[in-house]
Amino acid sequence: MPLPFKRSRQDEPTAFPRSILDAVKSFYATEYPKSKSKHRDDRKPAAHSSRSQTHHATYPTTRAPARAAHRIMQLPTEVLAHIFVLGAAEATMFPVIVSHVCRAWRYVALHTPALWRRITLDGSLKMWNTRVHRAKACTLDIQLAPLVAMSHLAYYNYVQLCTHVVLPYIHRWRSLEVRFVGYAPFLWNAALSGCCGHSSAIEAPALRELTLVYPENDDTKEYMLFNGFAPRLRRATIHGIRLTWAPSLFQNLTYLDYTHHGFTRGAQAAAEVLYMLQVSAALEELRLAFPWRGDTASRYALSASFSRAVHLPRLRKLALYVDWPDVPPALTYTLPHLSLPVLRSLYLVAPPPSRHAAHFDGGFPRLRTVLKSLPRLPALAHLHVAHGWLAEHFLGPLLALLPYPGAPHLTLTLEGAHVTHPFLVNALRGAGRRLRALALVRCERLTAQAVLDVLNRLSGAQLQTGPQVFPAISALYLRDCAGIDWRSLRWLGTVGIMLKVWEGGREVDLRYARAKKARFP
C-alpha cells in the first residue's frame, strides 16, 4: 500500500532568519509600558503548536508610541486657511513656506485659492505662472518689480515679458502695482500697452486699487486704461504718468494720491487737476503734490482756463505735499477753487530741508500767497504743519482764520527742527481757545521748560500753582523729541493735561517714569 505524501524536513524553512529579524526589531523599538504589554499578551492565543514552540523563538514585538498631535492641528480648516491668507499678505513667499511644513498644511494651502492671489513678477516667471493656476478663479493682486541692473533695451523687453504673463487674466485683477526705480525710455509703453485700446477683453471689472509710480518718466504720451471700464476702482496712487481721467474709470474713487506729471505747469496744470477732482467728487482722502519747475506766479492766469468751483462733499482728509525750494504756483491756483465743507484733517507736508535749502529758516517764501488762496475750512479739527511750512507769519494768521465754534476743538501737530521756544510763543499767540491738544514731533531744539512756558502763556496762569488752574489744552503729545525731558512733565496730569510720549515709534509707559530707560506697555 503506497504511503501518503510527506514533505521532507530539508524543504522546511529554518527559523533562524525570522528570529534574527525579530531580535533586531525588538532592540531598536521603544518598549511599551508593562500594562500595555500585558494587555497585548492577553490577546495572544493561549496555545501554540509544538512546531511553533520548537522552531520559532518568541520576542516581544513593540512599536514606538504615536506622538500627540500639536494643538494647531486641532484648528478648523477654515481658520487655518484664514491664518495662511493673512500671512501671505505680509510675505510673498509665505504660501510656499507653509505648503512645505507637513502633508496636512500642504493640502490646506493647495485648496485655498486666495493664498496664491499675490503675483510679484520678477525673474521666476514660471513659478508665478504656476501660482496663477493655483489661484483658480480667485482675483489676483499683480505687482511688477522688475530688475534695475539692465541696459535700457533689456529693461524694456523684460517689463514687456512680465506684463504678458498676467495680461490674459486682466478680468481677474484686483489690484495693479507698477513701480519703476531708475530710468529707461518708454517703460510705461512696455508695461501698459496691453491695457490700452478699445476692446472689452482689456476691461478690468474687478480692479479695486491702482498704483503707477515712475518719477523719472519723460514720456508725454497720454494713456487710456482698461477701455475706460473699472467700476470697482476705489484707490489710486499716480506719480509720473499722464492718464485720461475718464469718468467711467475714476468717478468712484475714495482715495487718491496724485503727484502731477510735470509736463504742464502753472495755470494749465491747475486746470488739469481741477478737472480730475471734479470727476472724482466722491473722494474721502486726497494727497496732492506738484513738482517744482521754477515758474513764476501770475495773478490772472487761472481765470480764463477754469472758472468753476469744485465741490468735494465727502473729503475728510487733505494732504498738500511741497518739495523745496518753494510752493509751486499750480498749487496756489488750485486751492481757491475747492469747496471743502466737511474737511476734518489738513496736512501741510514737506521733506526735511537739504543742504542747499538750509538757509530757508523762515519756511517757503510764498507762504503768504498760500494763506490768501486757502478755502474756508469750517469743520477742521486736526492741523499738521511740517518743516518748510513752519513760519511765524504763516501759522499764526492761519490759526486766527480758522472758525471758533465756542469750545476747544483743534489738534495742532508741529513737526521739524524749526520749532523753537520763540516760534511757539509767536505762532500760537493768535490760537486763542481753539486748541484742544498740542503734538510735537521731532522737535530737537525744544526743552521741557520751554514747553511749560508755552502752556502757561496759553492758559494765562502758572500751571504749577495747583489744580484750581484751568489749562488751555487738554492733551500734550511728544513724539521723538530728544531735547524734552518728559519725566519732568508727568505732573501735568494733576492739572487736567493728558501726557503721551513716543520714543522710537513706540508709546512709553508713563507708570515707570522714574526708570532710567523708557519702558513700553
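The model is predicted, so local features need pLDDT of at least 70 and side-chain atom pairs count only at pLDDT 80 or more, while totals for chains, interfaces and linings use all residues. Residues are numbered from 1 along each chain as its sequence is written, and side-chain values use heavy atoms, with hydrogens and water left out.

Let us begin with helix 4, residues 77–88. Helices here are DSSP runs of H or I with at least four residues, strands are runs of E with at least two, and both are numbered from the N terminus. The expected span of a helix is 1.5 Å times one less than its number of residues. Seen down the axis, the buried residues of helix 4 fall within an arc of 120 degrees (taken from the directions from the helix axis to the C-beta atoms), so they line one face of the helix. These residues are Leu-80, Ala-81, Phe-84, Gly-87 and Ala-88. Buried means under 20% relative accessible area, exposed means over 50%, and partly exposed lies in between, using a 1.4 Å probe and protein chains only. The general idea is friendly to remember: an α-helix has 3.6 residues a turn, so residues three or four places apart point the same way. The buried residues of helix 4 pack against helix 5 (94–98), helix 6 (103–110) and strand 1 (118–121), where contact means heavy atoms within 4.5 Å. Ile-83, also found in helix 4, is partly exposed at 41% relative accessibility.

Now turn to helix 16, residues 448–459. Nine of its 12 residues are buried, so helix 16 is largely enclosed by the rest of the structure. Among them are Val-451, Leu-455 and Asn-456. The buried residues of helix 16 pack against helix 15 (421–427), strand 16 (435–441) and strand 17 (475–479).

The side chains of Arg-457 and Asp-453 meet at 2.9 Å, N to O. Both lie in helix 16, four residues apart, about one turn of the helix. Arg-457 is exposed at 55%, whereas Asp-453 is partly exposed at 25%.

The structure holds seven salt bridges. In another of them, Arg-174 meets Asp-141 at 2.6 Å, N to O. This pair links distant parts of the chain, with Arg-174 in strand 3 (residues 173–179) and Asp-141 in strand 2 (residues 140–144), 33 residues apart. Arg-174 is partly exposed at 28%, while Asp-141 is buried at 14%. A further bridge joins Arg-366 and Asp-326 at 3.2 Å, N to O. Arg-366 lies in the loop between strand 13 (345–349) and helix 13 (367–373), and Asp-326 in the loop between strand 11 (317–321) and helix 12 (329–334), so the pair ties together parts that are 40 residues apart in sequence.

Our last stop is Glu-415 in strand 15 (residues 410–415). Glu-415 is buried, with a relative accessible area of 12%. Not counting residues up to four places away in sequence, Glu-415 touches several residues, including His-384, Leu-390 and Arg-442.

Terms used: A salt bridge is a side-chain nitrogen of Lys or Arg within 4 Å of a carboxyl oxygen of Asp or Glu.
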